[in-house]
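Reader: I would like to learn how to read this structure feature by feature. Where do we begin?

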Amino acid sequence: KRTSDMMKTFIVECSVAGIGKKAREEAREELRETIDCAVDSQAQGSTVALLDTHVTANKIFLVMEAATEDEVLQVCNDTSVSVDQIQCVRWALISRTADRGFFQSLRKYLVTRDCPFIGMCTEDEQRRMAAVGEQNNRIFGATLQWDCSFVFDNTIMCVAYSPSAATLLQQASCSDLPPVKSIYQVKYKLEGKKDLDNQVNASPVSPNGIACT
């Protein structure tokens, strides 16, 4: 589906050293309160909203909705996080076949790839990409489940579930997309509570030099 012309979805990548450590639950709760306050302060005459959060070992990915990037940037400036980049979602793909019954037993990952001009894909090309993800869900079953993808101008970020980063990388390489650039294991939502990943203390894997954190 394509994002609205009025409201846009943004992915904000922020660096916060050690934020994914189990012992930093209080810090995550405080940070979520800070972001909520910053969003609320923009409520008058603004349309910005925080839709979701993904906490990895040293990064936070915020999924935000707003009319402009400036609104998102203003919220970020009112918090203590260091913003690495803000990307506007050009369109999104959502799996219709993912077996979400597997999610509880698998680890959640964000997978990024550099794909020049992917944000300009036609609807037929989008459908073909979605078909590859759906096919992988059927083929790999309990070892890989693609959930959704956010597509930017020149990058794609997929949300997927797998037993390990090594397994995910091996199976993700079976697609016709460019090589995987980075893999982030999602450890928490920004609420101080465990996300669906039941093994938050597992050591991150860095297969074949791919950035994984």
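This is a predicted model: local features need pLDDT of at least 70, side-chain atom pairs count only at pLDDT 80 or more; totals for chains, interfaces and linings use all residues.

Reader: What separation do the C-alpha atoms of Ser41 and Asp78 have?

Author: They are separated by 9.3 Å. Along the chain, Ser41 and Asp78 are 37 residues apart.

Reader: Which secondary structure does the protein have?

Author: Count the elements, then read their order. The protein has four helices and ten strands. Along the sequence, the pattern runs β-α-β-β-α-β-β-β-α-β-β-α-β-β.

Reader: What share of the residues is buried?

Author: Buried means under 20% relative accessible area. Of the 213 residues, 51% fall in that class. The accessible surface comes to about 10500 Å². Carbon and sulfur atoms hold 49% of that surface.

Reader: How much of the contact total comes from residues 24 or more positions apart?

Author: Take the contacts with a separation of 6 or more. Residues 24 or more positions apart account for 75% of them.

Reader: How many salt bridges does the structure hold?

Author: Eight. Look at each pair in two ways: the N to O distance, and where the partners sit in the chain. Start with Arg32 and Asp36, whose side chains meet at 3.1 Å, N to O.

Reader: Where do Arg32 and Asp36 lie relative to each other?

Author: Both are in helix α1, residues 25–41. They are four residues apart, so about one helical turn separates them. Asp36 is partly exposed, at 29% relative accessible area.

Reader: Which residue forms a salt bridge with Asp52?

Author: Lys189 does, with the closest N and O atoms 2.6 Å apart. Asp52 lies in strand β2 (residues 49–55), and Lys189 in the loop between β9 (180–186) and β10 (211–212), so the pair ties together parts that are 137 residues apart in sequence.

Reader: Are Asp52 and Lys189 buried or partly exposed?

Author: Check each one. Asp52 has a relative accessible area of 25%, so Asp52 is partly exposed. Lys189, at 24%, also counts as partly exposed.

Reader: Which residue pairs with Asp153 in a salt bridge?

Author: Arg90, with the closest N and O atoms 2.7 Å apart. The pair links distant parts of the chain, 63 residues apart. Asp153 is in the loop between β7 (145–151) and β8 (155–162). Arg90 is in the loop between β4 (82–88) and β5 (91–94). Asp153 is partly exposed at 39% relative accessibility. Arg90 is partly exposed at 31%.

Reader: Which residues form the negative surface patch?

Author: A patch takes residues with over 30% relative accessible area and no salt bridge. Here the members are Glu25, Glu26, Glu29, Glu30 and Glu33. Take Glu26, which is found in helix α1.

Reader: Why does Glu26 count as exposed?

Author: Apply the cut-off again. Relative accessibility is 55% for Glu26, and exposed means over 50%, so Glu26 counts as exposed.

How values were computed:
Residues are numbered from 1 along each chain as its sequence is written. Side-chain values use heavy atoms; hydrogens and water are left out. A salt bridge is a side-chain nitrogen of Lys or Arg within 4 Å of a carboxyl oxygen of Asp or Glu. Helices (H or I, at least four residues) and strands (E, at least two) are DSSP runs, numbered from the N terminus. Buried means under 20% relative accessible area, exposed over 50%, partly exposed in between (1.4 Å probe, protein chains only). Contact means heavy atoms within 4.5 Å. Accessible areas come from the Shrake-Rupley method with a 1.4 Å probe; for residues, only the protein chains shown count as cover. Patches are made of residues with over 30% relative accessible area and no salt bridge: like charges are joined within 9 Å, nonpolar side chains (Val, Leu, Ile, Met, Phe, Trp, Tyr) within 5 Å. Lys and Arg count as positive and Asp and Glu as negative; His and the chain ends are not counted. The place of a charge is taken as NZ of Lys, CZ of Arg, CG of Asp or CD of Glu.
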